[in-house]
Amino acid sequence: MKNSKVLILKDNYNSFEQYYLDKLNECGIDAEFYYTSSSMLRKAFTHYALPFESLWYGGWKNNLDTYDCIIVFDSLHSANLLKYIRKKYRKRLIFWHWNPIKRDKDISIWAETKKMCEHWTFNPSDAERYEMNLNNQFFFYQNQEDVSKGESAFFVGTDKGRYEKIVAISDDLKGMGIAIDFHVISMNGNDTRKYIEKTYMEYSDVMSHIRKSKAVVEIVQDGQNGLTARALEAMFFETKLITNNRAIRNFNFYNYNDIFIIGEDNNDRLDAFLHTPFQPIEKKALYQYDANGWLDNFMRRK
């Protein structure tokens, strides 16, 4: 949003969320945690939408009028924060859905606030169903280090009903001599299936794995056809991507050499795909997926 002063409000509950907060600020964008505390008492107030929740809001609440636009990320449990901002602030307010709408609380927040703020999503299916505006996910330009790619394929993520598909692609890759570096998170203490882990990987480790892997594997959830952060991580780190998201072909950075689409590309070419080098993408082609380009999209696509 060139020549506009923007405030971004989002969560910081894990290393992935904190990385985005830190990098947004490094890009010269004001980005803050919603609240003043991560204490259990605060979490009770915001999770259950208790009275006087606003006492826990950060210092940003005293400076609302200094911004031309406020963008709120979707890690909220109720519409209270959006209602608070709208009561005190009459300029542009955007609620950014960077997760697919799956839960009742997501639908409830949308229904309560659709007339008081703009709703934007990365997911075309949600954009159509809920009459939202569409923007892409974003990541950050990286310093391209001279890192030797290994012989492994990397996956990390929660099960979310994807386990069978994850195992199927691992079997294909293993048959081609590719090392399997898969980490499937399940909080079920009795889950002893292969690749299952009980703790989340730190995001710095995720990025290190992506940077050093021969390929990143992405299995999107049913009903999701928007561009994911995982796909962008692969492109910005110049690592090949194996994905079941057929819609990725529609993005300007798509390259047959760098992206293999499960269920669409012939499996016979997977071995050759893995053993040819990544073809770097021009920086200008990735601009709209960088943080500043993502912000500009809100103006261009309004």
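Is Phe273 buried or exposed? With a relative accessible area of 2%, Phe273 is buried, a term that stands for under 20% relative accessible area, with exposed meaning over 50% and partly exposed lying in between (1.4 Å probe, protein chains only).

The views show a predicted model, in which local features need pLDDT of at least 70 and side-chain atom pairs count only at pLDDT 80 or more, while totals for chains, interfaces and linings use all residues. Residues are numbered from 1 along each chain as its sequence is written, and side-chain values use heavy atoms, with hydrogens and water left out.

**View 1. Packing of helix H7 with helix H8.** Helix H7 (residues 203-212) packs with helix H8 (residues 229-236) at an angle of about 55°, and their axes are 10 Å apart. The contact (heavy atoms within 4.5 Å) is made by Tyr203, Val206 and Ile210 of H7 together with Arg230, Glu233 and Ala234 of H8.

**View 2. The aromatic pair of Phe251 and Phe253.** The structure holds 40 aromatic pairs, where rings of Phe, Tyr and Trp (its six-membered ring) pair if their centres lie within 6.5 Å, and planes under 30 degrees apart count as stacked, over 60 as edge-to-face and the rest as tilted. Phe251 and Phe253 are stacked, at 6.0 Å centre to centre with 15° between the planes. Phe251 counts as partly exposed at 22% relative accessibility, whereas Phe253, at 3%, counts as buried.

**View 3. The aromatic pair of Phe260 and Phe273.** This pair is tilted, with 5.8 Å centre to centre and 50° between the planes. Phe260 lies in strand E12 (residues 259-261) and Phe273 in helix H9 (residues 270-274), 13 residues apart. Phe260 counts as buried at 0% relative accessibility.

Technical notes. Axes fitted to C-alpha atoms, helices over the stretch in contact; angles between N-to-C directions. Helix = DSSP H or I, 4+ residues; strand = E, 2+ residues; numbered from the N terminus.
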